[in-house]
Structure formats: C-alpha cells, structure tokens
Amino acid sequence: MHYNRNVKCWSLGLDLILAGMGMWVVEQKRSWAEWLVINILRVGPLPKHVAIIMDGNRRFARQQQKETIEGHTSGFQKLGEVLQWCRDLNIQEVTLYAFSIENFKRSKQEVNGLMALAAEKFGMLLKETDQLAKHGVRIQIIGDLSLLPENVRKLAAQAVLATEDNKGSCVNLALAYTSREEISRALSETCRGVAEGQLQATDISEVLLEQCLYTRDSRDPDILLRTSGEVRLSDFMIWQTGFSCLFFTKVLWPEFSIWHLFAAVFYYQRHYHTLTAARNENLNQRNYGEEESDIECCRRRHGEVTQENIAAYTKERNERIEIFLADLKKRRRSQLKEMSEICLTLV
C-alpha cells in the first residue's frame with residue numbers, strides 16, 4: 001500500500017512538474033498496443049531509477065535546418081513526454097544530464113541560449129512549489145552550481161530548497177556536472193574532515209566517499225540510457241553506474257519514443273538477475289573489506305583483536321562519520337541558502 005501511494009504521488013507530481021517547467025505537455029492517450037506492453041513489462045522487475053544522457057539536440061536541429069537553440073527547445077519538450085512515460089511505468093526517480101561542465105566550451109551564443117532556457121524553466125517551476133509540495137515531488141541539482149550564471153544559480157537553489165522536504169518522487173538535474181568533479185569534491189571534503197579533526201585518515205573508505213557524492217540521497221541508477229548512437233558515458237555518473245544496465249540507442253533525443261523506452265526496460269529485465277547478483281557480490285566484498293580494515297585498525301591500536309575492541313572501534317568510527325556527514329549536509333544547505341538569496345547584478 002505504501003508503494004502504491006508513492007506511485008500515485010509520482011503520477012500527480014509529474015503533471016505538475018511538466019506544467020511548472022513550461023514543457024506544455026498534453027496528456028496523451030495510450031494506444032491499446034502501448035498499454036499492452038506497459039502491462040506486460042509491469043509483470044517483471046521495473047527500474048526504480050533511470051538516468052538519461054539526452055544527446056542529439058544539435059544534430060536534430062541541423063537535420064531540420066533550424067537554429068541550435070531550437071533543437072534544445074525540442075529536447076526540453078521531449079523531456080516532458082519521457083517523464084510521463086516513466087510515470088506510466090512507475091519509475092520513481094529520473095536523473096537527467098542537462099549540462100556538462102565541458103559544455104561551457106561550446107559557442108557563447110549556444111551557452112547563453114541554454115542558460116536563458118534553464119532560467120525560464122526554473123522560473124516557471126517555482127510558480128508551482130505549493131502543488132509540488134502537496135504531491136511530494138522533490139527537485140535536486142547535482143553539479144557545481146557556482147559555475148552557473150547568478151540568475152540560474154539562484155533559481156536552481158530556490159527550486160531545491162522549496163522542494164527539499166518532499167518525499168514522493170525525485171527528478172535530479174545534472175547541471176555543470178562531471179563525474180570527475182563530483183569525485184574530486186567528495187575526496188576534498190573527506191580530506192577537509194581529516195584536517196579539521198572531524199575524521200581520522202583510516203575513516204576514509206569507498207563507503208564514506210559515496211556518502212559525500214552529490215547523489216548521496218539517491219539509489220544508484222538501474223538503467224543508464226543514452227540517445228544519438230554515441231556509446232560512451234561522457235563523464236556522467238561513472239561512480240554510480242558501475243552495476244547499472246547500460247542502454248544505447250541511435251535515435252536522436254527529440255525523436256525518442258515510448259517504444260525506445262520500452263526497449264530499454266525490456267533490456268534491463270533480461271539482465272536483471274545478472275546485474276542484481278553482481279551488485280550483491282560487490283556489496284559483500286565492500287563489507288568484507290571494511291571489516292578487514294576495522295580489524296587492522298584494532299590491531300594497531302590495541303595490539304590484539306577482540307570482539308570488544310572491534311565493536312568499540314566501529315562505534316567510534318561511525319560516530320565520527322555521522323557527525324562529519326551531518327556537518328557536510330549543513331554546509332551544503334547553507335551554500336544553497338546563500339545562492340538562493342543572491343542579489344542579482346544589473347548590467
């Protein structure tokens with residue numbers, strides 16, 4: 001029953017997100033064939049989190065002999081449709097690669113156009129915050145917001161803060177993001193914790209680094225989907241997708257259809273048991289590695305290893321990490337708060 005309530009919140013919330021982000025998507029009637037496939041797929045394991053690299057907007061614009069920004073606008077419109085399809089499939093979390101740090105290297109005209117488009121969509125979303133709260137839809141931004149223009153930074157921070165307590169479903173927007181920057185920042189945070197005495201060097205582990213990533217509140221994606229025929233991750237969620245189902249399709253993003261999404265979900269279901277087994281094996285290995293590290297730390301500290309010593313050390317370490325992570329969360333929220341209150345400079 002609890003699961004169904006979340007699905008309902010996702011269903012209602014998506015309609016509001018689409019309206020709020022200005023995607024102007026009209027509720028589509030599914031054909032009998034589409035509903036047949038949806039019901040068949042629902043019999044099997046469904047992904048809870050889908051990550052998407054929305055590639056091909058510029059090529060689509062060139063094919064249509066349009067300006068590049070019109071291709072990106074078509075991409076935003078397609079995003080609204082895809083979120084509706086995810087709703088139909090009870091997918092509760094979607095992460096979207098909206099703008100890479102590398103994209104700042106594109107022409108000034110294109111970057112400015114994309115930033116203006118983002119500001120417009122965030123502004124429209126903020127008009128629907130009451131409804132988003134009512135239906136439990138949370139917006140998260142992953143990436144280095146400090147690299148964005150002040151107006152976009154402010155609107156993005158306001159959107160995150162306005163929806164941070166919503167629990168029903170989640171849309172993660174990767175803006176000014178790369179995995180290398182994300183991992184580097186996580187490592188820098190742990191080093192700061194050691195330097196300030198919050199952590200010990202032996203506390204740094206794969207588990208702790210994972211809790212310092214932008215995606216610390218999200219489960220790893222079940223599917224990573226990329227359009228346009230490119231078969232690479234482009235520095236997107238490299239840490240999180242080690243045991244995800246990777247699905248590449250040649251269709252350009254604005255031409256992506258519900259049938260392509262069906263194909264991705266079916267492909268995931270075919271590999272579900274293999275992926276689950278690999279994830280479980282990795283989790284067991286990680287837990288074993290952490291236990292071995294605790295034993296070695298106890299040996300160095302006490303000279304002998306007993307269950308009491310291990311339990312005491314583990315408790316101390318967990319308490320340090322808990323305090324550190326609480327402080328990190330507070331710092332990041334404080335940064336968002338500052339960004340949301342920026343006084344924009346008039347030029």
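A crossing is left-handed if the near helix is turned anticlockwise from the far one by less than a right angle. The views below come from a predicted model.

**View 1. Helices α2 and α10 cross left-handed.** Helix α2 spans residues 32–43. Helix α10 covers residues 258–270. Their axes come within 11 Å. The crossing angle is roughly 20°. Angles under 35 degrees count as roughly parallel, so α2 and α10 are roughly parallel to each other. In handedness, α2 passes α10 in a left-handed crossing.

**View 2. A nonpolar patch sits on the surface.** Trp32, Leu36 and Ile40 form this patch. Together they have about 390 Å² of accessible area. Trp32 belongs to helix α2. Is Trp32 buried or exposed? Its relative accessible area is 69%. Exposed means over 50%, so Trp32 is exposed.

**View 3. Phe266 and Pro45 are separated by 9.5 Å between C-alpha atoms.** Along the chain, Phe266 and Pro45 are 221 residues apart. Phe266 lies in helix α10. The relative accessible area of Phe266 is 48%. That value makes Phe266 partly exposed.

**View 4. Helices α5 and α7 also form a left-handed crossing.** Helix α5 runs over residues 108–126, and helix α7 over residues 150–163. How do two packed helices get described? By the angle between their axes and the distance between the axes. For α5 and α7, the axes come within 9 Å and cross at roughly 30°. The two helices are therefore roughly parallel to each other.

Definitions and conventions
Residues numbered from 1 in each chain as written. Predicted model: local features only at pLDDT ≥ 70, side-chain atom pairs only at ≥ 80, totals over all residues. Heavy atoms only, no water. Patch = residues over 30% accessible without salt bridge, like charges linked within 9 Å, V, L, I, M, F, W, Y side chains within 5 Å. Areas by Shrake-Rupley, 256 points an atom, 1.4 Å probe, with all protein chains shown as cover. Salt bridge = Lys/Arg side-chain N within 4 Å of Asp/Glu carboxyl O. Helix = DSSP H or I, 4+ residues; strand = E, 2+ residues; numbered from the N terminus. Buried < 20%, exposed > 50% of the residue type's maximum accessible area, 1.4 Å probe, protein only. Axes fitted to C-alpha atoms, helices over the stretch in contact; angles between N-to-C directions. Parallel < 35°, antiparallel > 145°, perpendicular 65-115°, else oblique.
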